[in-house]
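Here is a walk through one chain. Keep the structure open and follow the side chains as they come up.

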Amino acid sequence: MTMPRKRKIPMRMCVGCREMKPKAELMRVVKPQEGDPAVDRTGKAPGRGAYVCENAECLRRAQKTRALERALDAKIDDAVFDGLAAQIRPREGA
């Protein structure tokens, strides 16, 4: 009898808080070779990606320190940050 194999959970680092978390818990911003950075809802868009927690504080910190811009090596418009902020789910009890 063989034991079922456990699937490895991909981990990524949040550019805001610098913590390693499961990829599914983070939002991805992608910088394609041609074009401007944008929110990647699927997590599979081609290009260089950077991840940020679904947390308003991490997003604010990533914007303030320009960590997202450094990770993608590109200028990021406020519209991208607005798109990320719109995807953050309100916390329970808040």
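A search of the whole structure finds five salt bridges. A salt bridge here is a side-chain nitrogen of Lys or Arg within 4 Å of a carboxyl oxygen of Asp or Glu. This is a predicted model: local features need pLDDT of at least 70, side-chain atom pairs count only at pLDDT 80 or more, and totals for chains, interfaces and linings use all residues. Residues are numbered from 1 along each chain as its sequence is written, and side-chain values use heavy atoms, with hydrogens and water left out.

Start with Asp40 and Arg28, whose side chains meet in a salt bridge at 2.5 Å, N to O. Asp40 lies in strand β4 (residues 38–40) and Arg28 in strand β3, so the pair ties together parts that are twelve residues apart in sequence. Strands (E, at least two residues) and helices (H or I, at least four) are DSSP runs, numbered from the N terminus. Both Asp40 and Arg28 are buried. Buried means under 20% relative accessible area, exposed over 50%, and partly exposed in between (1.4 Å probe, protein chains only).

Next, Arg60 bridges to Glu57, again with 2.5 Å from N to O. The two are three residues apart in helix α1, about one helical turn. Arg60 is partly exposed at 42% relative accessible area, and Glu57 is partly exposed at 35%. Glu69 and Arg66 form another salt bridge, 3.1 Å from N to O. Glu69 is buried at 14%, whereas Arg66 is partly exposed at 47%. Salt bridges with shared partners also join Glu57, Arg60 and Arg61 into one network.

Now the overall layout. The chain has three helices and five strands. From the N terminus they run β-β-β-β-β-α-α-α. Of the 94 residues, 34% count as buried.

What lies inside? The largest nonpolar core has 22 residues. Such a core is a set of buried Ala, Val, Leu, Ile, Met, Phe, Trp, Tyr and Cys residues joined through side-chain atoms within 4.5 Å. Cys14, Val15, Val52, Leu68 and Leu84 have the most contacts inside this core. β3 (26–31), β5 (48–53), α1 (56–64), α2 (67–72) and α3 (78–87) each supply at least two of its residues. β5 gives the most, with four.

Take Leu68. Beyond its neighbours within four places in sequence, Leu68 is in contact (heavy atoms within 4.5 Å) with Val15, Val29, Ala50, Ala62, Ile76, Phe81 and Leu84.
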